[in-house]
Amino acid sequence: MKDYNGVVLTTPISMGYARQSPHGAAWFVGSVLREMISAAGLTKKDINGFSVSSFSLGIDSAVALTQHFGLCVRWLEQANVGGVSGILALRRAARAVQCGDADIVACIGGDGAAHRSFEHTAAHFSNWSTDAAFPYGAAGPNGPFSLITAHYMERYQAQREDFARICLDQRYNANHFPGALLGHKKLSLSDYLNARPIAGPLHLFDCVMPCAGGEGFLVMSEERARQLKLPAVKILAADECHNAHADDPVQDRGGWTQYIEGLYNRAAVGPEDVDFLQTYDDYPVISMLQMEDLGFCGKGEAPEFVGQTDMRFDGSGPGLNKLPHNTSGGQLSCGQAGAAAGFLGVTESLRQLTGQSQQNQVSNARLGLVSGYGMVNYDRGICTAAAMLQGVDR
Amino acid sequence: MNIKDKMRKRLKLSRPSLRARARPPKHRSVCGSQFSAANLPGILQLQNCTDCGHVQYPPAELCGACLGSTLIYKETACTGTLLAQSQLHHSLWEYFKRRIKRAPWPIASVQLDVGPVAIVHLTELDLDTGDRVKVFSHSDASRSVVLIAVPAATDITTPELRQAVIVGIQLDKSAERLKGV
């Protein structure tokens, strides 16, 4: 696979997070765009590539938004793949810039959260979900993930206390990230264990809160970013694989296994070299699958791994092994803003690697691994993607 | 009462939570409706590919193995193995919300001996992973077909026996609300 030399990611924007919002997806996508060009010192005319991810655009598509926002672009992309939207957008945009199809690409994910809209999204998520998953208790994603979690706990002797390690450390990170919707609340082990049950082994703090919000970043040439004096991040390697291990009866691994070795080889680093890890944490068990499949521990060893690992951004926890993980609190503490949740790990990585994080800055963050997972078409998430990112020396 | 207030009242009363009767989700895709129609008779009918013999579920327009388009519904062996189970304490749909108020709703995933994995309603709570089950199809209170798993020893050979299982978990009845609209 060709490298991503000469291309950088800049100008991470996360905005508008709210539990409920009267605004539609276009408002969030457009607002991110406005903030982004203002932060980068650009005008709309400078943006000639546009990549949009959203679940709630309805009958509008990415091209409709170009007319709404008065954008004239030569490169357009709509990647509605939930939890991998951000990484897919950056991979495609980076190639477009590298090949000269576009100069500056705005990659944006955004979704609204109107009253009862989550119910509608869950009921009509996909044909297979509508026909063969939703009628069974109408639990939305909680249904399939309760089965995946129950299976993982039984097969690998995981306990709720192991999942708590992820949720508690992420909440600590969120307590230091003003943008997190649940960041003002502390979470203790007894809060976690005594939370009300939701589905099988899943209790309240294992589940993300659906919300509204927008996330985005710009992709451009390294040279252009230098001219604009924008702090930037390089893509050392990135990959994706969808619908892998389709014959596993219950999901306990994802497509990361198909490419992670090559990804580390191309980036010339290993899991021990990264300064932080951002996983897609729609449920803590899914973060565990990523830690295993991305090579931080062996299959089934994640419960032990998280027990020994301090996942706080500042390394203030008791664990001897330090790995800052989901340093903004992840979706479990920020909320899940539809397709923007697939951008959350990327924008947070960009802030960390360019030193733009505020209270939750990981010290000397140079190298970060961000991973995506998504789209429960029926009984499991079928998309995976990962990217190794490195800050550019300023 | 002016029109605005009337509309507001109508909107309020059309909330699912205020309705007298709530039923399971009825909406299905075209393939899902065909699955419902094919499963009215018999124990379990799944799509069989006449080109390669692949048996598939959930229903789709093409064979997932050979992409052939000649899929027909055939009576299929209903035996399988329990993969995972969970009890739902929360639902997005009014029918299940009302049922869950009385008791958590059990679901499971089952690997059918013919291949596919099915998410099912579960009737029995003291089953373990790996236990043998039978899966049959039946219409629910919305007249859509759903799959139900019972322990392998259960006799489900006649429509009356299968009906009795459905009645036992009250899947044939809407969930009522006193003084609902």
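This is a predicted model: local features need pLDDT of at least 70, side-chain atom pairs count only at pLDDT 80 or more; totals for chains, interfaces and linings use all residues.
Residues are numbered from 1 along each chain as its sequence is written, chains are lettered from A, and ligands are numbered from 1 in the order in which they are written. Local features need pLDDT of at least 70 and side-chain atom pairs count only at pLDDT 80 or more, while totals for chains, interfaces and linings use all residues.

Helices and strands are DSSP runs, numbered from the N terminus (helices: H or I, at least four residues; strands: E, at least two). In chain A, helix α14 covers residues 341-353. This helix has 13 residues and reaches 19 Å from its first C-alpha to its last. That span is close to the 18 Å expected at 1.5 Å a residue; the expected span is 1.5 Å times one less than the number of residues. Of the 13 residues of α14(A), 13 are buried, so the helix is largely enclosed by the rest of the structure. A residue is buried if 20 or more other C-beta atoms lie within 10 Å of its own, exposed if 12 or fewer, and partly exposed in between, with C-beta atoms placed from the backbone. A:Gly355 follows α14(A) and has a positive phi, near 70°.

Helix α7(A) has 15 residues. Its first and last C-alpha atoms are 21 Å apart, close to the 21 Å expected at 1.5 Å a residue. Here 13 of the 15 residues are buried, so α7(A) is largely enclosed by the rest of the structure. α7(A) packs with helix α11 (residues 284-293) of chain A at an angle of about 95°, and the axes are 9 Å apart. Axes are lines fitted to C-alpha atoms, for helices over the stretch in contact, and angles run from 0 to 180 degrees between N-to-C directions. α7(A) is therefore roughly perpendicular to α11(A). Angles of 65 to 115 degrees count as roughly perpendicular, under 35 as roughly parallel, over 145 as roughly antiparallel and the rest as oblique. A:Phe163, A:Ile166 and A:Cys167 of α7(A) meet A:Pro284, A:Val285 and A:Ser287 of α11(A). Two residues are in contact if their C-beta atoms, placed from the backbone, lie within 7 Å.

The contact joins A:Ala26, A:Val29, A:Gly30 and A:Leu33 of α1(A) to A:Leu65, A:His68 and A:Phe69 of α2(A).

A:Thr11 lies in strand β1 (residues 7-18) of chain A. It is buried, with 28 other C-beta atoms within 10 Å. A:Gln157 lies in the loop between α6 (142-156) and α7 (160-174) of chain A. With 11 C-beta neighbours inside 10 Å, A:Gln157 counts as exposed. In chain B, the peptide bond from B:Tyr57 to B:Pro58 is cis, with omega near -5°. B:Pro58 sits in the loop between β3 (55-56) and β4 (71-75) of chain B.

Between the chains, 31 residues of chain A are in contact with 34 residues of chain B. α4 (117-123), α5 (127-132), α6 and β5 (197-199) of chain A each supply at least two residues of the side that touches chain B. α6(A) gives the most to this side, with 7 residues.
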